[in-house]
Amino acid sequence: MRVWLIVAFALVMSACGDSGSSTEPEPEPAAPTPVETVVAAVEVCPDAVNPAPGRLPVGEVLELSDQGREHVICADYARTPPASGAHFPAWQNCGIYAIPIQNQTAVHSLEHGAVWVAYQPGLDATVLQTMTERLKSERFALVAPYPGLSNPIVLTAWTRQLAVDDWSDPAVEDFLDAYLGRYSPVAPEAGASCGQAVGSAPNSPNLHYQEILEQVR
């Protein structure tokens, strides 16, 4: 087993208490492939019961109840994209993905202070490029298309959610400033690692999921 995978699993089994510090800089996320090539990720929890995303009010930060943070293999969610709740023992590596990511790994990243930017597949390429330029250097930004999303763009932090029609909405920067990374006042483990676990942006959202699954079962 490769050394870095062992390190990732050790982080998982230590209840995610690592601060995420590293002597090596994390690689800069690659830009997503064109929107036209986006395809569905391999479903790792096909029996999960999750409702279709509902239409959210635009420009309003929703303060949602905490649904817990138990570690499970597969989780069901009462709303999508979820903003808290039970989740997979390893988190989704932050980055800018061109393929949908799993709810259960993304929620674990939220627990660590990530802001998950979900967008409708088919979002205007110019808007997507602007988002990428803004977020590519943010270590706690998690960006991916979300099939069935009712709003064009939905930003989610732990127990907080914001929908906007356009990335230029001033509410976007306010949300990022408030909830991104170790300064988040709501994430239970703000500042813990958002790397060295599941996925590799832009096109491998489930990379190493199976290896970690075999060890946590």
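## Exercises on a predicted model

About 30 Å³ of space lies in the largest cavity. The model is predicted: local features need pLDDT of at least 70 and side-chain atom pairs count only at pLDDT 80 or more, while totals for chains, interfaces and linings use all residues. Residues are numbered from 1 along each chain as its sequence is written, and side-chain values use heavy atoms, with hydrogens and water left out.

**Exercise 1. Which residues line the largest cavity, and how do they divide by class?**

Step 1. On a 1 Å grid over the protein atoms alone, a cavity is a set of points where a 1.4 Å probe fits but cannot get out; a pocket is an open set with protein on both sides within 12 Å along at least five of seven lines; lining residues have an atom within 4 Å of a point. Grid points are joined across faces, edges and corners, and a volume is the space filled by probe spheres set on the points.

Step 2. The structure holds one cavity of 30 Å³ or more.

Step 3. Its lining consists of Pro53, Gly54, Leu56, Arg79, Thr80, Pro81, Leu149, Ser150, Asn151, Val154 and Gln161.

Step 4. Sort them: Ala, Val, Leu, Ile, Met, Phe, Trp, Tyr, Cys and Pro count as nonpolar, Asp, Glu, Lys and Arg as charged, and the others, Gly among them, as polar. The lining has five nonpolar, five polar and one charged residues.

**Exercise 2. What is the volume of the second largest pocket, and which residues lie nearest its centre?**

Step 1. The volume of this pocket is about 420 Å³.

Step 2. Its lining has 21 residues, with Glu43, Ile101, Gln102, Asn103 and Tyr146 nearest the centre.

Step 3. By class, the lining holds 15 nonpolar, five polar and one charged.

**Exercise 3. What is the order of the strands in the open sheet?**

Step 1. Helices (H or I, at least four residues) and strands (E, at least two) are DSSP runs, numbered from the N terminus. The chain has five helices and six strands.

Step 2. Two strands pair if DSSP finds at least two bridges between them. The six strands of the open sheet follow the order β1-β6-β5-β3-β4-β2, with mixed pairing.

Step 3. β1 (62-63) and β2 (95-96) are at the edges and have a single partner strand each, so one side of each lacks a neighbour in the sheet.

Step 4. Look at the pairs. β3 and β4 run parallel and are joined by five bridges, with Val115 opposite Ala141 in β4. Four bridges join β3 to β5, and these run antiparallel; Val117 has Leu155 as its bridge partner in β5. β5 and β6 (residues 160-164) also run antiparallel, with five bridges, and Leu155 stands opposite Leu162 in β6.

**Exercise 4. Are the residues of β3 and α2 buried or exposed?**

Step 1. Buried means under 20% relative accessible area, exposed over 50%, partly exposed in between (1.4 Å probe, protein chains only).

Step 2. In β3, five of five residues are buried. Val115, Val117 and Tyr119 point one way, and Trp116 and Ala118 the other way. In a regular strand the side chains alternate between the two faces of the sheet.

Step 3. In α2 (residues 103-111), nine of nine residues are buried.

Step 4. Find the cover, where contact means heavy atoms within 4.5 Å. What covers α2 includes β3 (115-119), β4 (141-145), β5 (153-157) and α5 (209-216).
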